[in-house]
Amino acid sequence: MGDGLRLNMNALDYVILALYFVTVLGVGFAARRAIRTSVDFFLSGRSLPAWVTGLAFVSANLGALEIIGMAANGAQYGAMTVHYYWIGAVPAMVFLGIVMMPFYYGSKVRSVPEYLRLRFNRPTHLLNAISFALAQVLIAGVNLYALALVMQALLGWPLWLAIVVGAFIVLAYITVGGLSGAIYNEVLQFFVILAGLIPITVLGLVKVGGVAGLMDAVRGSRLGEAGLHAWQGTGSTDNPLGAHWLGIVFGLGFVLSFGYWTTNFAEVQRALSARNMSAARRTPIIAAYPKLLIPLVTVIPGLVALVTVQGLGAEKGDLVYNNAIPLLMRDLLPNGVLGIAVTGLLASFMAGMAANVSGFNTVFTYDIWQAYLRRDRSDEYYVKVGRIATVVGVLVGIGTAFIAAGFSNIMNYIQALFSLFNAPLFATFIIGMFWKRMSALAGFWSLLLGTLAALFTYLGYKFFGWFHFHSDLEESFWGAGIAFVTVAVVALIVTPLTRPKRDHELEGLVYGMADTTLADDSLAGDAAWYRSPVLLGVVAVILAALFYLPVF
């Protein structure tokens, strides 16, 4: 990469950056004082209020990946990128809060794989624990690579140094402060990220002559009028995204998004750390409100980059789509504001990676080490294993960062990972949750064959030329859909041939079978109408639909 992207950072910018690092490590050490048991380390002692877990929930998703990747998509696909938010996130976040959190929080599971062990059996549990752990270190590598690219481009650091420094800081605050250290930092990071992105959006709009000027410029760009619409042209695949509305609604809006938001433990873990059931249910729904507005600071800068950066969209070099945000930072921001923006990007990377690593250390410790290798040890022993797992997770993440380097748009890579790992898990999960007859063996074979079906589709498209899709993203929509259908078909075939679990084993795990032993843990004020998860959720979904009107 040349010097074309190098930022002219001065002493003020570096002071802002240094202050942020000191604060992040300070939060980690402050959180350490509260860690006495493994539940404190892995789940913050289940003691956090809903607004804290809600902001951490959205921040854990707002990684550098999301920011760099969604701005890249904005420049490449135009306004159609909003599908990832309004149909591809908000409905699933609301569903998680209203329907699924009662099962997670009520059954007192410590992770998503642990729920599968209770609902199905140990082989299903182990398969999911291993695939989840693998997915987390692969995704952590993507976050790490995204950060390294930014540091290399903006500050001139070599790729390996940027990767090691970024990994070390995340390692420090999670190893010391556990999940609380990660969560309180994520709340801080949420505001730092916005402080970095808002100036880029505002100054970008000023440069192109406001919203009307931007719309005119997009019409004159290679995307043309289609770059300003979300649904027009989706009756066929003749649109910037190369996707049919069926793929958008079923593949992205249902399978991929529900798969990500409802079974991705790195996200669910934030809600499990809430202080009671009501706070746990409100966590993803509170997060849905900022999620509605995030396209303003990701998709709009992508469109600004499309019309102001000459030659954006090259296959390699400084002008790849992934550099849309760094290029705007270089072109638009004065010193001081630049320091805040670089800090915001680093914060976004850390939030994403911390979510992956804290998810990995919990699943590795509880679901692999404690369940299959070393049972019945002391609590201190498992906290120590968790800290070692954190170190290992980060080291493996450094290795997988170099895999991500092989993709020109990292968002395409991440969507491929989601269709491979999340879609079959979500299908197994949702069918098992609503169909009590589904047997333990059906759970195992559905999950295994669904994952293999997604892998077969991906390899057949990418390496062997057996299947043709209009874009990598269309493949991930279809791969997710094929995985879902495979799981459903296998469940229907295997279940009648095998013995179901008894009713008493399914209490609190299957819809309509309440656990009668659950204590009421509501706090004063939880019954207030404005804290109703259903009301908050319905309003969020209505807003998501209304937001489509200007870009329909």
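Student: Which residues lie nearest the centre of the largest pocket?
Tutor: Val-211, Leu-296, Ile-300, Pro-550 and Val-551 lie nearest its centre. The lining has 22 residues in total. Keep in mind that this is a predicted model.

Student: How much space lies in the largest pocket?
Tutor: About 500 Å³.

Student: Which helix gives the most to the lining of the largest pocket?
Tutor: Helix 14, with five residues. Helix 10 (210-219), helix 13 and helix 14 each supply at least two residues.

Student: And how do the residues of the lining divide into nonpolar, polar and charged?
Tutor: The lining of the largest pocket has 18 nonpolar residues, two polar and two charged.

Student: Back to helix 13 and helix 14. At what angle do they pack?
Tutor: The angle is about 25 degrees, and their axes are 6 Å apart. Helix 13 covers residues 277-293, and helix 14 covers residues 295-308.

Student: New topic. Where is Asn-185 found?
Tutor: In helix 9, which spans residues 159-208.

Student: Is Asn-185 buried or exposed?
Tutor: Buried, with a relative accessible area of 0%. The cut-off for buried is under 20%.

Student: What is Asn-185 in contact with, leaving aside neighbours within four places in sequence?
Tutor: Val-24, Val-27, Gly-28 and Tyr-173.

Student: Now the loops. What is the phi of Lys-108?
Tutor: Near 60 degrees. That is a positive value in a residue other than glycine.

Student: Where does Lys-108 sit?
Tutor: In the loop between helix 6 (90-106) and helix 7 (112-119). Lys-108 is exposed, with a relative accessible area of 51%.

Student: And Asp-376, what about its phi?
Tutor: Asp-376 has a positive phi of about 55 degrees, and it is not a glycine. Its loop runs between helix 16 (337-373) and helix 17 (379-404).

Student: Is Asp-376 buried or exposed?
Tutor: Exposed, with a relative accessible area of 75%.

Methods. Residues are numbered from 1 along each chain as its sequence is written. This is a predicted model: local features need pLDDT of at least 70, side-chain atom pairs count only at pLDDT 80 or more; totals for chains, interfaces and linings use all residues. Side-chain values use heavy atoms; hydrogens and water are left out. Helices (H or I, at least four residues) and strands (E, at least two) are DSSP runs, numbered from the N terminus. Buried means under 20% relative accessible area, exposed over 50%, partly exposed in between (1.4 Å probe, protein chains only). Axes are lines fitted to C-alpha atoms, for helices over the stretch in contact, and angles run from 0 to 180 degrees between N-to-C directions. On a 1 Å grid over the protein atoms alone, a cavity is a set of points where a 1.4 Å probe fits but cannot get out, and a pocket is an open set with protein on both sides within 12 Å along at least five of seven lines; lining residues have an atom within 4 Å of a point. Grid points are joined across faces, edges and corners, and a volume is the space filled by probe spheres set on the points. Ala, Val, Leu, Ile, Met, Phe, Trp, Tyr, Cys and Pro count as nonpolar, Asp, Glu, Lys and Arg as charged, and the others, Gly among them, as polar. Contact means heavy atoms within 4.5 Å.
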